[in-house]
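Let's take a walk through the inside of this protein, strand by strand and helix by helix. Have the model open and follow along.

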Amino acid sequence: MSPGGGLFRDAREALLGVPRVLGRTLGAATTDLASGAAELVETTGERLTGRRRDLSSLRVAVVVLSDEQGRPVTSVERVQASLDRADAVLRAEAGIAVRVTGVTVDPDPAPTDALDPPANRRLLLADVLGRTETYRRHTDPPGPGGGATSLGAPVTVVVVRDISGRTTGCSLGMTADWVIVQAALFDPERAHTYDETVLAHELGHALNLPHHRDRHNLMFPASSPPGDLRGTDLTPWQGAVLRANRHVLPGVPLHP
Ligand SMILES: [Zn+2]
């Protein structure tokens, strides 16, 4: 469900109409791209097309872990569909563009407990005990204001091998700049685990959204591929919470 405001209609039109230069360019990228340069490209493009854009932006980095033998748990290419989906959903439902700063494979074999982590409270405990260093070291170093308060800090999505139990993704909410998602979500040959909604759902948690009881909502807790995926709606209130989060940089209105 999205409100009928002009911004949201613009976002939907932008999705359908504007060549997604940024997304395509980053699709195959394995190196970091300065977000300033990315924004310049997009802003210039909008000025040329006379299109007004005042989307907020969220920077997202993806790191794919490698197993004990140094084999990546998934590929950079496979993650792209979920990133595109997160961008589409957040643009249309919350007026937030997802700017991917890099999709990289960490070639160093990760420790088994980082590849196959616990979920929820046990993950929080592991974090408190300092056992989530494998994830944390891929986040931005603390800025002048300190890590936890850095405005516009990217959220790092770490792709792990397998989260314990039936959990497929996990976020510690506002206390961490990283979320974890498991590799099977991105394998299109595994119809019973492939789910493009999970990455966007975990970004929602990282931006402080709690669960929502409507199954059409992005923050509905359960999603069962292939037949019973959660929806991707956000309420206006959820959109406002997302846009107010410290990770999200407000949009700058551009008037042609
Ligand atoms: Zn959740």
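## Before we start

This is a predicted model, so to speak of a local feature we need pLDDT of at least 70, side-chain atom pairs count only at pLDDT 80 or more, and totals for chains, interfaces and linings use all residues. Residues are numbered from 1 along each chain as its sequence is written.

"Buried" here is a neighbour count: 20 or more other C-beta atoms within 10 Å of the residue's own, against 12 or fewer for exposed and anything in between for partly exposed, with C-beta atoms placed from the backbone.

In soluble globular proteins, nonpolar side chains tend to be buried together.

S3 is mostly covered, with 6 of its 6 residues buried. Val155, Val157 and Val159 point one way, Thr156, Val158 and Val160 the other. Take Val158: leaving aside its neighbours within four places in sequence, it is in contact (C-beta atoms, placed from the backbone, within 7 Å) with Val63, Leu65, Tyr135, His138, Trp178 and Ile180.

Strands count as paired if DSSP finds at least two bridges between them. S1 and S3 run parallel, joined by 5 bridges, and Val62 stands opposite Val157 in S3. S3 and S5 also run parallel, joined by 5 bridges; Val159 has Val181 of S5 as its bridge partner, and Val160 has Gln182.

S5 is covered on both faces: Trp178, Ile180 and Gln182 are buried on one side, Val179 and Val181 on the other. Strand S4 (residues 169–171) pairs with S5 in the antiparallel sense over 3 bridges, and Gly169 has Val181 as its bridge partner in S5. S4 and S5 form a hairpin with 6 residues between them, and Gly173 in the turn has a positive phi of about 70°.

## Helix H8

Is H8 buried or exposed? Since 10 of the 10 residues of H8 are buried, it is largely enclosed by the rest of the structure. Those buried residues include His201, Glu202 and His205. The cover over H8 includes S1, H4, S3, S4 and S5. Just after H8, Asn208 takes a positive phi of about 85°.

## Helix H9

In helix H9 (residues 236–243), the buried residues are Gln238, Gly239 and Leu242. Seen down the axis of H9, they fall within an arc of 100° (taken from the directions from the helix axis to the C-beta atoms), so they line one face of the helix. The face turned away from that buried side carries the exposed residues Trp237 and Ala240.

What covers the buried residues of H9? The cover includes helix H4 (76–94), strand S2 (96–109) and strand S6 (248–249).

Technical notes: Helix = DSSP H or I, 4+ residues; strand = E, 2+ residues; numbered from the N terminus. Contact = placed C-beta atoms within 7 Å.
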